[in-house]
Amino acid sequence: MSVHDRFDQFLTNISLTDAQKLDGATKRGSVCKVLNGKYYNSTSDTANSIYVGSWGKGTRTRPPRDVDVLFKLSNEVYQRFEQRTGNKQSQLLQEIKNALLGSFQKTDIRGDGPVVKVPFGTYAIELLPAFELQSGQYGVPYTSAGGFYKTVDPDAEAAAVSSSNTATNNNTRDLVRMLKAWQANCNVPLKSFYLELLAIDFLKQWSYAGKSKTYYDWMCRDFFAYLINCADGYLYAPGTYEIMALGSAWKSRAETAYSNAVEATNDEEKYPSLAGTEWQRIFGTDIPI
């Protein structure tokens with residue numbers, strides 16, 4: 001098996017099927033239809049909502065994870081809650097939860113907000129209520145510290161992935177999706193959002209960016225080397241420039257992955273089955289031996 005064929009099959013194996021994509025879209029529609037009915041007197045199942053997270057950035061993987069959906073609330077709703085006392089953000093999330101409970105009895109608010117989670121048999125809809133700002137960014141409600149709104153910019157986040165992916169001949173999305181397989185297989189305590197930003201930064205300086213899947217063994221090996229050196233560093237969120245600390249709890253797993261990737265790349269030409277075994281230590285059985 002050639003390097004190209006191995007990674008091509010790997011990426012096929014972790015891609016959502018058409019049925020899974022339709023399932024996610026149907027679930028989004030069923031949730032958003034309820035909220036459009038409550039807040040906009042509309043029967044639309046897509047209006048006032050956008051995919052965010054991996055569904056908005058084209059980095060979703062199989063097995064399916066939660067479907068992240070941002071739902072836009074009107075300024076009238078914002079003003080109505082601003083007239084209240086107490087934790088206004090908590091009250092807003094509770095109202096949304098109650099609106100959904102009639103149709104989805106297991107709806108819950110996760111942690112300190114801002115997500116309202118609607119579980120289904122296959123995967124959940126994670127709903128992010130938001131108010132659109134004049135800047136085009138969004139304010140999302142958090143319930144901690146007495147309640148506050150945090151500014152997020154999902155359009156800028158998606159654009160960062162898209163522009164990098166275009167510049168690198170699809171390397172960016174492929175790398176992110178493979179890293180999510182590593183994250184799941186090795187229980188890596190590093191957020192998917194951080195992996196996306198790290199992949200973008202890595203590919204900006206990688207000599208072989210834009211090459212075909214024939215170079216993907218080197219891409220994985222060199223990314224892990226790059227990642228190790230990012231321990232205790234920082235990232236900046238696109239659009240808002242929020243500073244995010246990477247920490248180092250994941251560093252030992254990155255070091256193990258790099259060691260396995262070095263062995264795998266060395267074995268690819270003469271001992272491809274041994275290389276496959278090493279790759280599976282990193283990514284699990286979705287990458288073929």
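1. Packing of α1. The buried residues of helix α1 pack against α7 (171-185), α9 (216-228) and α11 (272-283); contact here means heavy atoms within 4.5 Å. Helices (H or I, at least four residues) and strands (E, at least two) are DSSP runs, numbered from the N terminus.

2. Basis of the model. This is a predicted model, in which local features need pLDDT of at least 70 and side-chain atom pairs count only at pLDDT 80 or more, while totals for chains, interfaces and linings use all residues. Residues are numbered from 1 along each chain as its sequence is written, and side-chain values use heavy atoms, leaving out hydrogens and water.

3. The buried face of α1. Helix α1 spans residues 3-13, and its buried residues are V3, R6, F7, F10 and L11. Buried means under 20% relative accessible area (1.4 Å probe, protein chains only). Seen down the axis of α1, these residues fall within an arc of 125°, so they line one face of the helix; the arc is that of the directions from the helix axis to the C-beta atoms.

4. Overall fold. The protein chain contains 11 helices and 9 strands. Its radius of gyration (over C-alpha atoms) is 21 Å, close to the 19 Å that the globule rule (2.2 Å times the number of residues to the power 0.38) gives for 289 residues, so the chain is as compact as a globular protein of that length.

5. Burial and contacts. Of the 289 residues, 46% count as buried. Among contacts between residues at least 6 apart in sequence, 60% join residues at least 24 apart.

Methods:
Buried < 20%, exposed > 50% of the residue type's maximum accessible area, 1.4 Å probe, protein only.
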